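Please look over the sequence and the model shown here before reading on.

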Amino acid sequence: MFTWAPFSKEEFNIALGSCNNSSTPGLDKLLWRHLKSILSYKVCITRVIKIANVCIDLGYWLNHFKLSSMVIIPKPNKPSYDLPKSFHPIVLLNTLGKLIEKVIGERLQFHVVSNDFIHPSQLGGLKFKSTTDAGVALTHIIQLGWTRNCFTSTLAFNIAQFFPSLNHCFLTRVIHKAGLNSRVVNFFSNYRKTSYKWNSFLSPIFNINVGVGQESALSPILLALYLSPFLYILEKT
């Protein structure tokens, strides 16, 4: 079982330093440059770290950070807008919550990679992995086939609406299998609420049990975790 240590000031400073000041804020209307200025004071960053630690200790994500606004944006140059795939949903999150999620995401990635939980062929959503790595892996497979006098073919496909379709129940089971303790699993069991915004229409806030926001720093590592069991199954077939 992975021991989740308290967060450090260094983790938050590193995460904060890589945040883009031009990002669109969520419901709190707090820009990154505002948060950077606030957290430059020791007393402020200390209290934010305490909030993050308490959230993990209790296995509970505060309602303020759960809230998101999903803005529905029409994709350009579509012949018709009668189908959902003609629109692109953008999830806007509260800025302080995004920072804490960013730090949690770094922790998750370090744990699952260092413990070999992520399948070696999984390249997307991971740090220090690139398109070059994918090309090298593909070239290796092709040349390996040639040495065995085999023909090699490649099948590529896109999973439509994958980010919005991740099942939270299955995701929490995967997180548990990855060796994270029950507090961290509970944190992810119900950590998001949202409302839909389309032009001037704004829906009521409601709980969601599927999907991860593409604006969340947690989404890439959660995506890699979600896919890993399927990749191990495919390897054995």
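## Helix naming and glutamate 10

Helices are DSSP runs of H or I with at least four residues, numbered from the N terminus. Glutamate 10 has its place in helix α1. The model described here is a predicted one.

Is glutamate 10 buried or exposed? With a relative accessible area of 52%, glutamate 10 is exposed, because the label applies to values over 50%. Along the chain, glutamate 10 and lysine 177 are 167 residues apart. Their C-alpha atoms are separated by 29 Å.

## The nonpolar cores

The largest nonpolar core has 46 residues. Within this core, Phe12 and Ile104 touch the most other members. Several helices each supply at least two of its residues: α1 (9-17), α2 (32-38), α3 (42-58), α5, α7 (168-177), α8 (182-189) and α9 (219-236). Helix α5 gives the largest share, 7 residues.

Which residues does isoleucine 104 contact, once its neighbours within four places in sequence are left aside? Isoleucine 104 is in contact with Trp4, Phe7, Ile56, Phe187, Phe188 and Leu218. There is also a second, separate core of 5 residues. Its members include Ile72, Phe87, Val91 and Leu93.

## Lysine 98

Helix α5 spans residues 95-114, and lysine 98 is found in this helix. Lysine 98 has a relative accessible area of 10% and is therefore buried, as the label covers values under 20%.

With neighbours within four places in sequence left aside, the contacts of lysine 98 are Ser23, Thr24, Trp32, Leu93 and Glu215. Among these contacts of lysine 98 is Leu93, and Leu93 is included in the second core.

## Cysteines

A disulfide is a covalent bond between the sulfur atoms of two cysteines. How many disulfides does the model contain? The count comes to 0, where a pair would need its sulfur atoms within 2.5 Å.

Cysteine 44 is in no disulfide. The cysteine sulfur nearest to that of cysteine 44 belongs to cysteine 19 and is 17 Å away. Cysteine 44 counts as partly exposed, at 26% relative accessibility. Cysteine 55 is in no disulfide either; here the nearest cysteine sulfur is that of cysteine 44, 17 Å away. Cysteine 55 is buried, with a relative accessible area of 3%.

Methods. Residues are numbered from 1 along each chain as its sequence is written. This is a predicted model: local features need pLDDT of at least 70, side-chain atom pairs count only at pLDDT 80 or more; totals for chains, interfaces and linings use all residues. Side-chain values use heavy atoms; hydrogens and water are left out. Buried means under 20% relative accessible area, exposed over 50%, partly exposed in between (1.4 Å probe, protein chains only). Contact means heavy atoms within 4.5 Å. A nonpolar core is a set of buried Ala, Val, Leu, Ile, Met, Phe, Trp, Tyr and Cys residues joined through side-chain atoms within 4.5 Å.
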